[in-house]
Structure formats: structure tokens, C-alpha cells
Amino acid sequence: MDQRPGFPLLRQTVIDTSDPRTLAEFYRRLLGLRYREGDEGPDEGTPDWLTLVDDAGAHVLAFQHVAGLPRPAWPEGTPPQMMHLDLMVSDTDDLARQVDTARALGAEVVRDRSDDPDEPLYVLTDPSGHPFCLFVG
């Protein structure tokens, strides 16, 4: 465990959704993660909680079922986004590939700033409507 003395360790980021399996599967495929042992499925009904881990088994993202959760409205509207993920790629070619992958998995592009010379980026929404950014870093 890589923990700084005197501070808690951030275990994972949890995303609320009315469809945990769909959202977990989206991020699993987009980020190359895997399900925590026991979360692979198949589900009977809607799971309350799913966790994605990296190759070392570290928790990365979890998905919590919230019934009737409305889609966030971004950049303006109700309900507002509560948080978003920033995902970084190495160059503009990879940015284009990753945006294509995200769209094929069900994301929607809501802002295209790929021609920004200082920070090329896209803002997308995942299948539950949560915004996330893909940018060159």
C-alpha cells in the first residue's frame, strides 16, 4: 500500500448510476480495466455495486446503483455535473483514436477543442450522462 503517513489513502472513485453494469462495462473497455473478482457477472437484476481494478488489482472505479438518477446537464442545467474524470493521452493521434473508441462504446461528444494548440481536448458524456474529458497532456 502506497500511503503517505498521516493521510488517508484514496481507494477509488465511485460513480452513481441507475445502470451500474452498463457504465462499468463502458469504463472497463475504455480504460482497459477488469472487474474485481466476483463482479464479473452475470447479474440477476441490477447490481448495487461494481468495482473495476487495474492489472495489479488496485481499485480504480466503482459504480453504485441509484434508482431514478437523472442525467447530469452539462455545461448548464439541472442537475449539474457533480464531478468529472480527466483522461490524458500522449498525442493528437491517440486523442482521435480514443475519442473514436469512446464513441463506439456509447459516449457522446459535447465539446470539441481538438484544434486548441495549447491543450487539444474533447468533452464527452458517458452512457449515464456524466461528462469526462479526453486531452493531450
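Guide: The model is predicted, so local features need pLDDT of at least 70, side-chain atom pairs count only at pLDDT 80 or more, and totals for chains, interfaces and linings use all residues. Residues are numbered from 1 along each chain as its sequence is written, and side-chain values use heavy atoms, with hydrogens and water left out.

Visitor: In what order do the 4 strands of the open sheet stand?

Guide: Strands (E, at least two residues) and helices (H or I, at least four) are DSSP runs numbered from the N terminus, and two strands pair if DSSP finds at least two bridges between them. β5 and β6 (108–113) stand at the edges with a single partner strand each, so one side of each has no neighbour in the sheet. The pairing is mixed, and the order is β5-β8-β7-β6.

Visitor: What is the average twist from one strand to the next?

Guide: Axes are lines fitted to C-alpha atoms, for helices over the stretch in contact, and angles run from 0 to 180 degrees between N-to-C directions. In the open sheet of 4 strands, the twist from one strand to the next averages 20 degrees.

Visitor: In which sense do β7 and β8 run, and how many bridges join them?

Guide: The two strands form a hairpin with 5 residues between them, and Gly 129 in the turn has a positive phi of about 95 degrees. Across the pair, Leu 121 stands opposite Phe 135 in β8. β7 and β8 run antiparallel, and the number of bridges joining them is 5.

Visitor: Which residue stands opposite Asp 112 in β7?

Guide: β6 and β7 pair in the antiparallel sense over 5 bridges. Within β7, the residue opposite Asp 112 is Tyr 122.

Visitor: How many of the 5 residues of β7 are buried?

Guide: Buried means under 20% relative accessible area, exposed over 50%, and partly exposed in between (1.4 Å probe, protein chains only). On one side of β7, Leu 121, Val 123 and Thr 125 are buried, as are Tyr 122 and Leu 124 on the other. The strand is therefore largely enclosed by the rest of the structure, the buried count being 5 of 5.

Visitor: Is Val 53 buried or exposed?

Guide: Val 53 lies in strand β3. Beyond its neighbours within four places in sequence, Val 53 is in contact (heavy atoms within 4.5 Å) with Leu 33, Arg 34, Tyr 35, Arg 36, Ala 58, His 59 and Val 60. With a relative accessibility of 3%, Val 53 counts as buried.

Visitor: How far apart are the closest N and O atoms of Glu 25 and Arg 28?

Guide: Both residues lie in helix α1, 3 residues apart, about one turn of the helix. Glu 25 is partly exposed at 24% relative accessible area, and Arg 28 likewise counts as partly exposed at 24%. They form a salt bridge (a side-chain nitrogen of Lys or Arg within 4 Å of a carboxyl oxygen of Asp or Glu), and the closest N and O atoms are separated by 2.5 Å.

Visitor: Which residue meets Asp 39 in a salt bridge?

Guide: Asp 39 counts as buried at 8% relative accessibility. The N to O distance is 3.0 Å, and the partner is Arg 36.

Visitor: Which residues are linked with Arg 113 in a network of salt bridges?

Guide: Arg 113 counts as partly exposed at 32% relative accessibility. Its side chain meets that of Asp 116 in a salt bridge of 3.1 Å, N to O. The residues linked with Arg 113 in the network are Asp 116 and Glu 119.
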